[in-house]
Amino acid sequence: MAREAPPDAFGNTAREYELGRPEWPEELIDRVVGELGLGADATVLDLGAGTGKLTRALVPRFARVIAVEPDGAMRTVLEEVVPGAEALFGSAGAIPLGAESVDAVFTAEAFHWFASDETVAEIARVLRPGGGLAIFWNVWFGETEPPMGDAVDAVLDEAFVRGGAPGLPKVLSGAWRQPLERSRFGPVHEAEAEREVVRDHEQWLANMLSVSSIAAQSDHDRLVLATRLRELVPDGEYRWRIRTVGYWTRLDG
Ligand SMILES: C[S@@+](CC[C@H](N)C(=O)[O-])C[C@H]1O[C@@H](n2cnc3c(N)ncnc32)[C@H](O)[C@@H]1O
């Protein structure tokens, strides 16, 4: 079986993650929030919150936003950039909240790392009856415009082979659905949004360095890669089309 990058890779590159990764599309968040019937008075949890890329979109929408993240480096950035959220150490297997304490659990670019019968039961434990689970992933990335060129693609391909498969194939396999199907959650619904993201040279580079299979490599290997990419990628603005999928389901009332 192909080697996989570990889910705890991200802390190595928390600053790059924050600089490079795109925000989540507002209209898709609105759609999922509406479908789950969440009002402004809701208490919500962002699970596997990272540097708070999704958390920052939840804070203006809800009365109370709790962000649970196991990695200290990611949490430090989150506390800096999203002071309106309550950041807590914890994981999907051990959420540091009481039973039936939140109206919804959100999780972005993370559920595939921890989806299991145990974590789904733990998510159900903290949700009030009828509460919602919302799951987001970026599932497709178009060619960068202007194109990066064969030399950059070759350097990245080599880095991905060295670092193991990134998380996307795990998402696309749909294996994350199985624990939900065996759980107290109802049917899973989905909607998607496509958008263009603009990245400058440093943001593009930071995004690449934050991909799990590259983030998991040694500091030396990442530095060599960053230096090589900096040489190869001309300064400028890069446009990128990204497709994002939002899934939602409700706990049995
Ligand atoms: C790709 S990042 C996504 C971060 C953020 N949600 C976002 O939208 O950018 C995945 C995050 O999941 C966290 N993670 C990994 N294993 C986890 C687990 N078992 N429970 C909760 N979070 C976990 C990682 O530390 C990392 O911050």
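Student: How many bridges join S6 to S7, and do they run parallel or antiparallel?

Tutor: Happy to start there, with a reminder that this is a predicted model. In general, strands of a sheet pair through backbone hydrogen bonds, in either a parallel or an antiparallel way. Here S6 and S7 run antiparallel, and 12 bridges join them. To see one of these pairs, find Val 198, whose bridge partner in S7 is Arg 239.

Student: Which strand does S5 pair with through 9 bridges?

Tutor: That is S7 again: strand S5 (residues 127-141) and strand S7 (residues 237-250) run antiparallel, with 9 bridges between them. Phe 141 has Ile 242 as its bridge partner in S7, and Ile 135 has Tyr 247.

Student: What is the strand order of the whole sheet?

Tutor: Read across the sheet, the order is S3-S2-S1-S4-S5-S7-S6. It is an open sheet of 7 strands, and the pairing is mixed. The edges are strand S3 (86-88) and strand S6 (189-200); each has a single partner strand, so one side of each is left without a neighbour in the sheet. From one strand to the next, the twist averages 20°.

Student: Which strands does helix H6 lie across?

Tutor: Helix H6 (residues 117-126) lies across strand S1 (43-47), strand S4 (102-108) and S5. For its direction, compare axes: H6 runs at about 130° to S5.

Student: Now the ligand. Which residues come nearest to it?

Tutor: There are 18 residues around the ligand, and Tyr 17, Gly 48, Glu 69, Ala 92 and Ala 108 come nearest. By class, the shell has 11 nonpolar, 3 polar and 4 charged residues.

Student: Where are polar atoms of the protein placed against nitrogen or oxygen atoms of the ligand?

Tutor: Look for N or O pairs within 3.5 Å. A polar backbone atom of Gly 48 is 2.8 Å from a nitrogen atom of the ligand. Another polar backbone atom, from Ala 92, is 2.9 Å from a ligand nitrogen. With Glu 69 it is a polar side-chain atom, 2.7 Å from an oxygen atom of the ligand.

Student: What percentage of the ligand's exposed area does the protein bury?

Tutor: Taken alone, the ligand exposes 590 Å², and the protein buries 92% of that.

Note on methods
Residues numbered from 1 in each chain as written. Predicted model: local features only at pLDDT ≥ 70, side-chain atom pairs only at ≥ 80, totals over all residues. Heavy atoms only, no water. Near = heavy atom within 4 Å. Polar contact = N/O pair within 3.5 Å; in protein donor to acceptor, adjacent residues only side chain to side chain. Areas by Shrake-Rupley, 256 points an atom, 1.4 Å probe, with all protein chains shown as cover. Nonpolar A, V, L, I, M, F, W, Y, C, P; charged D, E, K, R; others polar. Pairing = 2+ DSSP bridges. Helix = DSSP H or I, 4+ residues; strand = E, 2+ residues; numbered from the N terminus. Axes fitted to C-alpha atoms, helices over the stretch in contact; angles between N-to-C directions. Contact = heavy atoms within 4.5 Å.
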